[in-house]
Amino acid sequence: MKYVTAIIKPFKFTEVKEALSAAGVSGVTVSEVSGCGRQKGQTEVYRGAEYASSMLPKIRLEVAVPDSLAEKVAEIIRQHANNDEIGDGKIFVFELAQAVRIRTGEQGDDAL
Ligand SMILES: Nc1ncnc2c1ncn2[C@@H]1O[C@H](COP(=O)(O)OP(=O)(O)OP(=O)(O)O)[C@@H](O)[C@H]1O
Ligand SMILES: [Mg+2]
């Protein structure tokens with residue numbers, strides 16, 4: 001299993017979430033976060049306004065997937081979060097050692 005985490009622009013969240021659902025991803029965790037990338041201190045446009053701040057609002061998506069789906073999920077996120085602009089985000093993929101579905105006790109891929 002893999003744990004795919006993506007930091008994306010908030011306005012892209014709905015589109016990315018719908019694309020993941022369509023691809024058969026069953027669960028997702030979402031958080032509102034702040035972050036910065038390489039352009040620290042430079043301005044980035046957010047909702048039409050230019051932010052001078054070095055920490056900008058982002059959405060963090062987390063998805064646990066079977067190994068077979070990991071590349072596809074990362075590519076879906078990349079395609080749908082991409083706006084061809086700085087700050088569009090980043091995807092991090094982790095090895096996932098175990099998953100447990102609390103209600104049933106299922107483990108591994110069956111728990112996803
Ligand atoms: N190396 C990193 N480690 C952890 N989080 C990061 C890292 N790089 C980017 N992020 C997170 O991703 C968000 C978006 O990063 P961003 O897309 O600006 O990356 P970038 O490398 O500056 O690329 P670009 O030049 O396209 O802007 C950041 O606000 C931060 O939350
Ligand atoms: Mg950047």
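Me: Which residue stands opposite Glu62 in strand 5, coming from the Thr29 side of things?
Reply: Thr29 stands opposite Glu62. Please note that the model is a predicted one. Thr5 also stands opposite Glu62 of strand 5.

Me: How many bridges join strand 2 to strand 5?
Reply: Seven bridges join them, and the two strands run antiparallel. Strand 2 covers residues 29-35.

Me: And what about strand 1, in which sense does it pair with strand 5?
Reply: Strand 1, residues 2-8, pairs with strand 5 in the antiparallel sense, over seven bridges.

Me: Why is strand 5 described as largely enclosed?
Reply: Seven of its 10 residues are buried, so strand 5 is largely enclosed by the rest of the structure.

Me: Where do side chains point in a strand, as a rule?
Reply: In a regular strand they alternate between the two faces of the sheet.

Me: Now Lys58. Is it buried or exposed?
Reply: Lys58 lies in strand 5, which spans residues 56-65. Its relative accessibility is 9%. Lys58 counts as buried because that value falls under the 20% cut-off.

Me: Which other backbone atoms lie by an oxygen atom of ligand 1? Start with Gly89.
Reply: A backbone N or O atom of Gly89 lies 2.8 Å from an oxygen atom of the ligand. For Gly35, a backbone N or O atom is 3.3 Å from an oxygen atom of ligand 1.

Me: How much of the ligand does the protein cover?
Reply: On its own, ligand 1 has 610 Å² of accessible area, and the protein covers 69% of that.

Me: Which residues come nearest to ligand 1?
Reply: Of the 13 residues around ligand 1, the nearest are Arg38, Gln39, Gly87, Gly89 and Lys90. The shell divides into four nonpolar, five polar and four charged residues. Strand 6, residues 89-95, gives the largest share, with three residues.

Me: Changing topic: where is Asp84?
Reply: Asp84 is in the loop between helix 2 (67-81) and strand 6. Its phi is near 55°, a positive value in a residue other than glycine.

Me: Is Asp84 buried or exposed?
Reply: Asp84 counts as exposed, because its relative accessibility of 70% is over the 50% cut-off.

Note on methods:
Residues numbered from 1 in each chain as written. Chains lettered and ligands numbered in written order. Predicted model: local features only at pLDDT ≥ 70, side-chain atom pairs only at ≥ 80, totals over all residues. Heavy atoms only, no water. Near = heavy atom within 4 Å. Polar contact = N/O pair within 3.5 Å; in protein donor to acceptor, adjacent residues only side chain to side chain. Areas by Shrake-Rupley, 256 points an atom, 1.4 Å probe, with all protein chains shown as cover. Helix = DSSP H or I, 4+ residues; strand = E, 2+ residues; numbered from the N terminus. Nonpolar A, V, L, I, M, F, W, Y, C, P; charged D, E, K, R; others polar. Buried < 20%, exposed > 50% of the residue type's maximum accessible area, 1.4 Å probe, protein only. Pairing = 2+ DSSP bridges.
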